[in-house]
Every structure is written in C-alpha cells, then in structure tokens.
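The following exercises are to be worked through with the sequence and the model at hand.

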Amino acid sequence: SGTSSFTMTGGSLTSRNGHVFHVTNTNAVITLAGVTLVNEDEDDVLISVCDDGWSGASNIATLNADGQVLEGAILVGDDAALTLNLSNGSTLTGLVSGEIVNSKGETVSTEVGTVSVALDATSTWTLTGDSYVTEFNGDAANVISNGYTLYVNGTALTGTK
C-alpha cells in the first residue's frame with residue numbers, strides 16, 4: 001500500500017540481470033538526475049510496469065528524468081500506467097510497448113496501458129521501434145523517428161525528425 005519511491009542523483013547504477021526497474025502491485029515514483037545507468041541484460045529493458053502475477057494493488061509508475069540519459073525498452077502492461085517526464089537535456093533512446101513476457105516465459109500483456117510522456121524543449125527521444133502512448137506533451141521535433149512511428153492515441157505523431 002502507499003507509494004514507493006527511488007531517488008538517485010549522480011553516481012552509477014548497474015543492472016546485471018533483468019529490467020533496470022520493475023513496478024508491480026504498487027505505485028512507484030522513480031527520480032533520476034545525472035545517473036550513469038548500465039544495463040547488462042540482453043533484453044535491454046529500462047522499466048516495466050505490469051501485473052506479473054501479483055494482485056491486489058495498482059501498477060502505476062512515474063519516472064522523472066532530470067539531465068538524464070535513458071536507454072532501453074519501456075514496457076507498460078494493459079493493466080498499468082506510466083508517466084514519463086524528461087527535462088533539462090534528458091535523452092531517451094528506446095521504445096514503448098505493451099508486449100510483456102515474465103521470467104517464466106508466460107505472456108503477461110500484449111497491449112500498452114496508459115502512458116503519458118512529457119518532453120521539455122531541451123530533451124529528446126530517439127525511437128528504436130514503433131511506440132504507443134496515450135498522451136504526449138512536447139514538441140514533435142524533439143522526437144527523432146529513426147525510421148519508426150510514435151503513435152499518440154492511435155494516431156501517428158507528425159512533425160518528428
């Protein structure tokens with residue numbers, strides 16, 4: 001019950017196996033500022049938010065990035081919600097998907113839940129695959145399509161680089 005939180009400023013955080021962050025059966029607020037993230041897992045998942053077998057509470061996360069480099073997939077299950085805030089020159093290189101398989105190889109989700117992305121004027125997002133969000137706040141020119149499409153409520157975002 002309640003809200004869990006993780007805040008880190010500077011330093012480095014290494015994930016050797018599994019998702020860098022995994023939120024299930026709780027509300028979580030993750031705040032990163034100038035942290036060097038190292039993801040050694042071959043699946044390259046930055047964060048997953050989903051019901052992966054636990055029950056009884058929400059699957060809700062907020063990820064605040066302040067002057068932060070983020071890389072990897074963002075997985076949000078159909079029963080989950082994520083708010084992603086990028087500010088002060090943050091960069092995201094990755095995709096948003098709802099296709100999630102748990103550690104037992106069982107499909108947990110096939111559709112993206114509720115995802116809200118806020119990208120300030122100094123931050124960018126480089127897509128590594130087609131991505132699906134519910135809400136996008138920011139300048140489409142700060143989204144580098146890299147040959148992929150960002151869909152906002154099912155409609156392709158225009159004006160990307």
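**Exercise 1: The lining of the largest pocket**

Task. In this predicted model, classify the lining of the largest pocket by residue class, and state which strands supply at least two residues of it.

Solution. 
- Step 1. The lining comprises five nonpolar, seven polar and three charged residues.
- Step 2. The pocket itself has a volume of about 290 Å³. Among its 15 lining residues, those closest to the centre are His19, Asp43, Val101, Asn102 and Ser103.
- Step 3. Two strands, β6 (45–49) and β13 (100–101), each supply at least two lining residues.

**Exercise 2: The order of the open sheet**

Task. Determine in which order the four strands of the open sheet lie, and which strands form its edges.

Solution. 
- Step 1. The order is β3-β6-β9-β12, and the pairing is parallel.
- Step 2. An edge strand pairs on one side only, as do β3 (21–23) and β12 (96–97).
- Step 3. In general, the strands of a sheet pair through backbone hydrogen bonds.

**Exercise 3: The surroundings of β6**

Task. State how many bridges join β6 to β3 and to β9, and whether the residues of β6 are buried or exposed.

Solution. 
- Step 1. β3 and β6 run parallel and are joined by three bridges; Val23 stands opposite Val49 of β6.
- Step 2. β6 pairs with β9 (residues 73–76) over four bridges, again in the parallel sense. In β9, Ile74 is the bridge partner of Ile47, and Leu75 is that of Ser48.
- Step 3. A residue counts as buried under 20% relative accessible area. Five of the five residues of β6 are buried.

Definitions and conventions: Residues numbered from 1 in each chain as written. Predicted model: local features only at pLDDT ≥ 70, side-chain atom pairs only at ≥ 80, totals over all residues. Heavy atoms only, no water. 1 Å grid on protein atoms, 1.4 Å probe; cavity = no way out; pocket = protein on both sides within 12 Å on 5 of 7 lines; lining within 4 Å. Points joined across faces, edges and corners; volume = space filled by probe spheres on them. Nonpolar A, V, L, I, M, F, W, Y, C, P; charged D, E, K, R; others polar. Pairing = 2+ DSSP bridges. Buried < 20%, exposed > 50% of the residue type's maximum accessible area, 1.4 Å probe, protein only.
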